[in-house]
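Hi everyone, thanks for coming. I'd like to walk you through one model today, so please have a look at it while I talk.

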Amino acid sequence: MKIAVLPGDGIGTEIVAEAVKVLNALALPLEMETALVGGVAYDAHGHPLPEATLKLAKEADAVLFGAVGDWKYDKLERQFRPEQAILGLRKNLGLFANFRPAICYEQLVGASSLKPELIAGLDILIIRELTGDIYFGQPRGRRIATDGHFPGAEEAFDTMRYSRPEIERIAHVAFQAARKRSKRVTSVDKNNVLETSQLWKDVMVEVGQQYPDVELDHMLVDNAAMQLVKAPKKFDVLVTGNMFGDILSDEASMLTGSIGMLPSASLNSSNQGLYEPSHGSAPDIAGKGIANPLATILSAAMMLRFSLNQEAAALRIEAAVKKVLEQGFRTADIYSEGTTRASTKEMGDAVVKALA
Ligand code: NAD
């Protein structure tokens with residue numbers, strides 16, 4: 001089982017080191033090879049996703065990814081910015097299905113900004129389409145407007161688009177995931193305004209007919225954003241497009257107490273996957289040794305489950321994470337009085353110890 005380890009920038013190196021430590025402690029036959037990605041790759045090779053890194057990712061069974069980005073690269077031409085590496089990996093590996101579970105651990109109920117009764121026992125799964133929509137749609141660019149409210153003024157434009165097969169395949173992923181949970185799917189769109197969303201909804205309904213045992217409902221994205229903080233436990237599987245999913249899944253992260261707790265998996269049709277925390281490179285805390293590594297460690301558990309077929313090992317990691325939270329270990333983002341403050345490394349060590 002070969003894993004491409006791509007720590008990236010900022011806290012990426014710190015949190016991935018802890019996840020690798022946990023994987024090593026499992027004593028499985030895992031071959032891990034590390035490569036540069038993001039800003040550090042641009043600095044070393046002039047590109048955020050060097051050929052060698054892409055080759056390694058393609059050849060591996062799974063990619064363990066940290067995070068990329070730093071404000072110091074903000075002035076670079078877009079194609080050289082660190083974040084382009086993630087888009088490049090998604091595109092080249094065909095990673096169209098993004099899984100973001102949002103689970104509120106009992107011990108962290110108090111760490112969320114929401115009332116405990118709203119989030120206690122929360123366990124929802126956001127499935128986001130990852131390779132289409134306005135983030136990839138062409139044409140895009142800047143030009144001088146020839147019409148609109150201000151002809152002659154500079155304008156920028158992007159294209160939101162989805163094809164039927166793109167929606168069909170993510171719909172199947174959502175319905176199949178729902179079958180393993182409580183058999184409910186909420187499809188989120190903006191069909192009252194957008195053509196893409198109308199097609200999205202139509203296709204969801206059509207594919208849904210092949211899953212009569214799964215209940216499907218629809219929600220407009222603005223309402224979904226509200227319901228996620230009003231009554232998040234109403235959801236089970238939520239499926240949506242690339243941009244809406246980007247925003248809603250970050251919103252959902254706060255339900256769990258901290259974005260540092262939220263893992264993610266991005267899969268292609270042959271279950272090859274990229275596993276990363278839902279957060280970014282957090283330049284504000286990079287190098288301080290205080291980042292929460294649990295989202296990355298939980299992403300490694302998802303990797304074992306989805307791409308490496310090691311369910312038992314995945315469950316061991318998840319149980320170990322629960323245990324360290326029960327033991328009271330907390331990184332700064334989830335710290336509260338009466339708990340034990342842990343550095344990134346101490347948290348990783350505690351998980352390794354709990355595995356035993
Ligand atoms: P961010 O997710 O990096 O940070 C948002 C806030 O959450 C910060 O206050 C940060 O300190 C905190 N935070 C994030 N992860 C944490 C962790 N593990 N433990 C404790 N606190 C944590 O988002 P941002 O500040 O908007 O972006 C920073 C950089 O990351 C940008 O360059 C952005 O483009 C990039 N980014 C990368 C990815 C990715 O690599 N997949 C995703 C999002 C943003």
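**The cavity and its surroundings**

The largest share of the lining of the largest cavity, three residues, comes from H7. Before I go on, please keep in mind that this is a predicted model.

So, how many cavities of 30 Å³ or more does the structure hold? There is one, and its volume is about 70 Å³. Around the largest cavity you will find Asp133, Met160, Tyr162, Val188, Asp189, Thr196, Ser197, Trp200, Gly241 and Phe244. Besides helix H7, which spans 195-208, strand E8 at 184-189 also supplies at least two residues of that lining. If we sort the lining by class, we get five nonpolar, three polar and two charged residues.

Let's move to the rings. The model holds five aromatic pairs. One of them is formed by tyrosine 162 and tryptophan 200, and this pair is tilted, with 5.3 Å centre to centre and 55° between the planes. Why does this pair tie together parts that are 38 residues apart in sequence? Because tyrosine 162 sits in the loop between strand E7 (154-157) and helix H6 (164-179), whereas tryptophan 200 belongs to helix H7.

Phenylalanine 175 and tyrosine 211 give us a stacked pair, with centres 5.0 Å apart and 10° between the planes. This pair, too, links distant parts of the chain: phenylalanine 175 is in helix H6, and tyrosine 211 is in the loop between H7 and strand E9 (215-220), 36 residues away. Are these two buried or exposed? Phenylalanine 175 has a relative accessible area of 0%, so it is buried. Tyrosine 211 comes out at 6%, so it counts as buried as well, the cut-off being under 20%.

Elsewhere, ring pairs join Tyr42, Tyr73 and Phe80 into a cluster.

My last stop is serine 253, in helix H9, which covers residues 242-253. With a relative accessible area of 1%, serine 253 is buried. What does its side chain reach at 2.5 Å? That would be the backbone oxygen of aspartate 250. Leaving aside residues up to four places away in sequence, serine 253 touches Ser258, Ile259 and Leu262.

That's my tour, and I'm happy to go back to any part of it.

Terms used
Residues are numbered from 1 along each chain as its sequence is written. This is a predicted model: local features need pLDDT of at least 70, side-chain atom pairs count only at pLDDT 80 or more; totals for chains, interfaces and linings use all residues. Side-chain values use heavy atoms; hydrogens and water are left out. Helices (H or I, at least four residues) and strands (E, at least two) are DSSP runs, numbered from the N terminus. Buried means under 20% relative accessible area, exposed over 50%, partly exposed in between (1.4 Å probe, protein chains only). A polar contact is a pair of N or O atoms within 3.5 Å; within protein, one must be able to donate a hydrogen and the other to accept it, and residues adjacent in sequence count only if both atoms are side-chain atoms. Contact means heavy atoms within 4.5 Å. On a 1 Å grid over the protein atoms alone, a cavity is a set of points where a 1.4 Å probe fits but cannot get out, and a pocket is an open set with protein on both sides within 12 Å along at least five of seven lines; lining residues have an atom within 4 Å of a point. Grid points are joined across faces, edges and corners, and a volume is the space filled by probe spheres set on the points. Ala, Val, Leu, Ile, Met, Phe, Trp, Tyr, Cys and Pro count as nonpolar, Asp, Glu, Lys and Arg as charged, and the others, Gly among them, as polar. Rings of Phe, Tyr and Trp (its six-membered ring) pair if their centres lie within 6.5 Å; planes under 30 degrees apart count as stacked, over 60 as edge-to-face and the rest as tilted.
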